[in-house]
Amino acid sequence: MRQPAHGGNLAWAAALAGCPPDAILDFSASISPLGPPNSTIAAIQSQIGNLRHYPDPDYSELRLALGHFHQLPPEWILPGNGSAELLTLAGRELAQLAATMLITPAFGDYYRTLAAYNVKVLEFPLNLEGSGGWGLATGDWGLGNRGQENSSSLYLLPFSPLPLLSNSPPENSGLLLNNPHNPTGKLFSLEAILPYLEQFALVVVDEAFMDFLHPDEEQSLIPVVQKYANLVVLRSLTKFYSLPGLRLGYAIAHPDRLARWQLWRDPWPVNTLAAAAAVAALQDREFQEQTWKWLPPARNQLFAGLAAIPGFQPQESAVNFLLVESQQSSLQLQQQLLQHHQILIRDCLSFKELGDRFFRVAVRSESDNQRLIKVLSAKC
């Protein structure tokens with residue numbers, strides 16, 4: 001069976017481990033261990049009888065719920081079959097530009113969608129050398145030289161305004177980035193990204209993990225989306241609410257752009273059960289507060305445990321996963337953990353800048369985190 005390019009491939013992991021998929025302890029997919037919320041399960045069950053009908057093609061109730069949640073008119077929101085579908089539509093837009101800038105290491109689906117439309121890609125790698133040394137290599141346009149800690153101990157990666165750099169982006173070009181950044185877990189500040197909206201014809205910001213930050217700590221561009229017709233924000237509802245099997249995301253952008261996207265895609269991309277679950281999840285304030293309370297101590301526990309193991313150097317993260325530099329092959333470590341302990345970690349071979357010396361782990365429950373730390377400590 002082919003090596004997966006994404007985390008969470010339990011069929012592949014189970015085949016390698018020689019066990020049922022439900023026996024795998026999955027640290028490879030950055031999904032909250034707290035969900036799905038009971039409210040979403042109840043909403044799904046309530047809609048079983050409606051499976052005999054087509055979904056509302058306009059998703060009016062879902063867009064109203066999302067609009068209320070983000071304090072936006074519903075016409076500024078387009079639900080999709082996971083953020084991956086909406087990323088593909090963004091790729092079609094980016095293909096109309098001269099080039100697209102991509103901050104690397106980058107999520108593999110970015111390359112998929114850009115290649116599908118033959119987009120010219122200009123890569124700008126983050127500097128991964130040394131602890132805290134996050135930024136672009138010297139001489140490139142873009143990011144600052146060092147992560148800075150704010151009052152909430154979230155590591156921000158500040159952007160330098162492009163006009164101050166020797167190399168400006170090509171005319172009529174686009175920018176695709178994710179915030180918080182995957183796979184490093186670093187958080188870009190809102191103020192740091194804003195200058196790019198003046199420099200690029202189209203800026204697509206993937207905020208798939210932004211909801212793991214408390215609203216007081218978020219650095220989302222959603223509050224400024226109505227000011228910039230060239231801004232697209234992508235969001236996912238599946239990671240925070242533990243619903244990846246439902247495939248649900250949404251785009252926030254100018255209504256004219258979203259109306260164009262609607263013409264490009266197949267009808268009814270969001271199924272009835274997913275739409276109902278999303279409406280319930282958005283209203284589940286108790287689950288949201290529970291997640292924001294759970295994550296920081298659980299992340300600190302996992303970080304401290306990994307940092308105490310010789311040969312491992314975890315990176316500070318603002319979200320629900322940690323990137324870990326390893327002195328041993330991450331692929332070999334992954335296979336050993338699977339075959340002997342039924343534990344799946346995310347190798348970073350699909351990130352060419354990282355290769356075989358990095359792996360990524362999701363933050364899970366205290367007992368799961370302890371199990372991973374115990375096994376890794378015994379092996380090292």
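Trainee: Is F240 buried or exposed?

Mentor: F240 is buried, with a relative accessible area of 1%, where buried means under 20% relative accessible area, exposed over 50% and partly exposed in between, using a 1.4 Å probe and protein chains only. Please keep in mind that this is a predicted model, in which local features need pLDDT of at least 70 and side-chain atom pairs count only at pLDDT 80 or more, while totals for chains, interfaces and linings use all residues. Residues are numbered from 1 along each chain as its sequence is written, and side-chain values use heavy atoms, with hydrogens and water left out.

Trainee: Which aromatic pair does F240 form with Y241?

Mentor: Their pair is edge-to-face, at 4.8 Å centre to centre with 75° between the planes. Rings of Phe, Tyr and Trp (its six-membered ring) pair if their centres lie within 6.5 Å, and planes under 30 degrees apart count as stacked, over 60 as edge-to-face and the rest as tilted. Y241 also counts as buried, at 3% relative accessibility.

Trainee: And what does Y241 form with F287?

Mentor: Y241 and F287 make a stacked pair, 5.8 Å centre to centre and with 25° between the planes. This pair links distant parts of the chain, 46 residues apart, with Y241 in the loop between strand 9 (231–236) and strand 10 (249–252) and F287 in helix 9 (residues 285–307). Helices (H or I, at least four residues) and strands (E, at least two) are DSSP runs, numbered from the N terminus.

Trainee: Which residues form one aromatic cluster?

Mentor: The cluster is made up of F209, F212, F240, Y241, F287, W292 and F321. The charged end of K239 sits over the ring of F209, 5.4 Å from its centre, which counts if NZ of Lys or CZ of Arg is within 6 Å of the ring centre and within 35 degrees of the ring normal.

Trainee: Changing topic, where does N369 lie?

Mentor: N369 lies in helix 11 (residues 366–379), and N369 is buried, with a relative accessible area of 0%.

Trainee: What is N369 in contact with, leaving aside its neighbours within four places in sequence?

Mentor: N369 is then in contact (heavy atoms within 4.5 Å) with F27, A298, Q301, L302, A362, V363 and R364.

Trainee: What sits over the ring of F27?

Mentor: The charged end of R364 sits over the ring of F27, 5.8 Å from its centre.
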